[in-house]
Amino acid sequence: MRLIPAVLGLCVMLLLAPVYAEAPVDPLSWLGRVATAGQRLNYVGTFVYQSGGQVETSRIAHRVDADGEHERLEVLDGSPREIIRRGNEVHCVLPDERTVIIDEAAGGRRAFPARLPLSPVGLAENYRIRKGEIGRIAGYEVQALVLEPRDDLRYGHILWAEIKSGLLLKARMLDERGELIEQFAFSDVRIGGDVDSDLLKSRFTPGDGWRVVNARASEMPRGSSGWGLAEMLPGYSLSSVMQRPLGRDRGQAVHMVYSDGLAAISVFIEPAGDGSVAGLGPVSTGAINIYKRTLNGHVITALGEAPERAVRRIGDSIQPVGQ
C-alpha cells in the first residue's frame, strides 16, 4: 500500500512537467512536435499580435488535465474581450456589449500558439519546409522553421519553436514578396508547471441584461449540403461542412471549410435578404481576404487567411450540386 502515494506523486509530477524530448532532426518531425506542444502543454504568458498598423497584446493561460483542455485568452488593449475555451467549446465574452457568444472551433481549428494541425505530414505537398537558424525569444532558445509555399495560392510562414518543449513562441505570415502580413510573438511565457484554476476563469459574471448568443454549428455529412466546387483549388480539400443559425426568422447558413492543413478558407451560403447583397466583391481586412457574390437567390461569402486570388477562386467556383 505504501506504493500508492508514491505512484500518485509520480503521476502528478509527470502531469505538471513540460514534455521535454530530444529535439528532432528533420523539419517535418519538428512541425509535429510544435503541433503537439501547443495542445498538450501547460503554459501562461503574454503575446503581441501585429498586422498592418494594428498592434494588440493578449494574455493566455492554457492547462491540460484529466478533463481535457482549458484555456483563457484576454485581450489587454482596447475594448475588453475574453475567449474562454473548454475542449472545442468557445465562449467569447464581450462585457461592453454585455454579450456572450457560444461557438465551437470549426474542425477543431485553433489559434496561436496551437496553429498547426496535429498531423502536419500533408503540409509538405504544399510547402517547402526547412529548418532555419537557432535564436532566442522571450528568454528561451528557439528553432526557426520555414514554410515556403509551392504556388501562389497560400502564404509563407516562419515559425519559432522552443527547443526543449516544442512550444511555438513566435509565428510570422509573409506574402509572395516576403513582406509581413501578420505576426504573433510571446514577450514572456512560463512553460509547464501548474496553472491555477483562477487564471482560467472569466473576470466577468454574465447576469441580468446580458445577451447569450448560441452560434454553435451543426455538423453535416460532407456530401449533403447541396453545394460544392465546380473546380477544386489545388492543395485544398473540404475539411468540414456545418449549418449555422442566422438569427430569428432568417434560417440557417451552410458553412464549408476548405483547407490545405495550414491555410483555411470558409464559405458561407445564406439566403439573400434585405441588405445582404451590400459589399459584393473582394475586400481585405488585415490578414483576411473576403469575396462576396450572389447566385440563385443566395449570398456566397468566402473568407480566409489566404491570398485574394485563392479566396476569389473558391468563391467563384461554389455552385449547387445534386439538385
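Biologist: In what sense do strand E5 and strand E6 pair, and over how many bridges?

Modeller: The general idea is that strands of a sheet pair through backbone hydrogen bonds, either parallel or antiparallel. Strands (E, at least two residues) and helices (H or I, at least four) are DSSP runs numbered from the N terminus, and two strands pair if DSSP finds at least two bridges between them. Here strand E5 (residues 89-94) and strand E6 (residues 99-104) pair in the antiparallel sense over 6 bridges. E6 is also joined to E12 by 4 bridges, and those two run parallel, with Thr99 having Arg211 as its bridge partner in E12.

Biologist: What is the order of the strands in the open sheet of 12 strands?

Modeller: The order is E7-E8-E9-E10-E11-E1-E2-E3-E4-E5-E6-E12, and the pairing is mixed. Strand E7 (127-137) and strand E12 (211-214) stand at the edges with a single partner strand each, so one side of each has no neighbour in the sheet. On average, neighbouring strands of this sheet are turned by 15° against each other, direction ignored; such angles are taken between axes, which are lines fitted to C-alpha atoms (for helices over the stretch in contact), and otherwise run from 0 to 180 degrees between N-to-C directions. Further along the sheet, strand E8 (residues 140-149) and strand E9 (residues 156-162) pair in the antiparallel sense over 6 bridges, and Gln143 stands opposite Ala161 in E9.

Biologist: Which residue takes a positive phi in the hairpin of E5 and E6?

Modeller: That hairpin has 4 residues between the strands, and Arg98 is the residue with a positive phi, near 50°, although Arg98 is not a glycine. At 39% relative accessibility, Arg98 counts as partly exposed, where buried means under 20% relative accessible area, exposed over 50%, and partly exposed in between (1.4 Å probe, protein chains only). Ala138, in the loop between E7 and E8, likewise has a positive phi, near 55°, and is partly exposed at 29% relative accessibility. Another backbone feature is the cis peptide bond joining Phe112 and Pro113, with omega about 5°; Pro113 is found in the loop between E6 and E7.

Biologist: Which residues of helix H3 are buried?

Modeller: An α-helix has 3.6 residues a turn, so residues three or four places apart point the same way. In helix H3 (residues 308-317), the buried residues are Ala310, Val311, Ile314, Gly315 and Ser317. Ile314 has 1% relative accessibility and touches (heavy atoms within 4.5 Å) Leu229, Leu233, Tyr258, Ile265 and Val267, not counting residues up to four places away in sequence. There is also an open sheet of 7 strands, ordered E13-E15-E16-E17-E20-E19-E18, with antiparallel pairing. H3 packs on that sheet, touching E16, E17, E18, E19 and E20, and its direction makes about 20° with that of E19.

Biologist: How many residues has the largest nonpolar core?

Modeller: In soluble globular proteins, nonpolar side chains tend to be buried together. A nonpolar core is a set of buried Ala, Val, Leu, Ile, Met, Phe, Trp, Tyr and Cys residues joined through side-chain atoms within 4.5 Å. The largest here has 62 residues, and those with the most contacts inside it are Met256, Tyr258, Ile265, Val267 and Ile318. A second, separate core of 5 residues includes Val93, Val100, Ile102 and Trp210.

Biologist: Over which residues does pLDDT stay under 50?

Modeller: Where pLDDT is low, the predicted coordinates should not be read in detail. pLDDT is the predictor's confidence in each residue, from 0 to 100, and it stays under 50 over residues 1-18, for which the model has 8 contacts beyond four places in sequence. The chain averages a pLDDT of 88, and 89% of the residues score at least 70.

Conventions: Residues numbered from 1 in each chain as written. Predicted model: local features only at pLDDT ≥ 70, side-chain atom pairs only at ≥ 80, totals over all residues. Heavy atoms only, no water.
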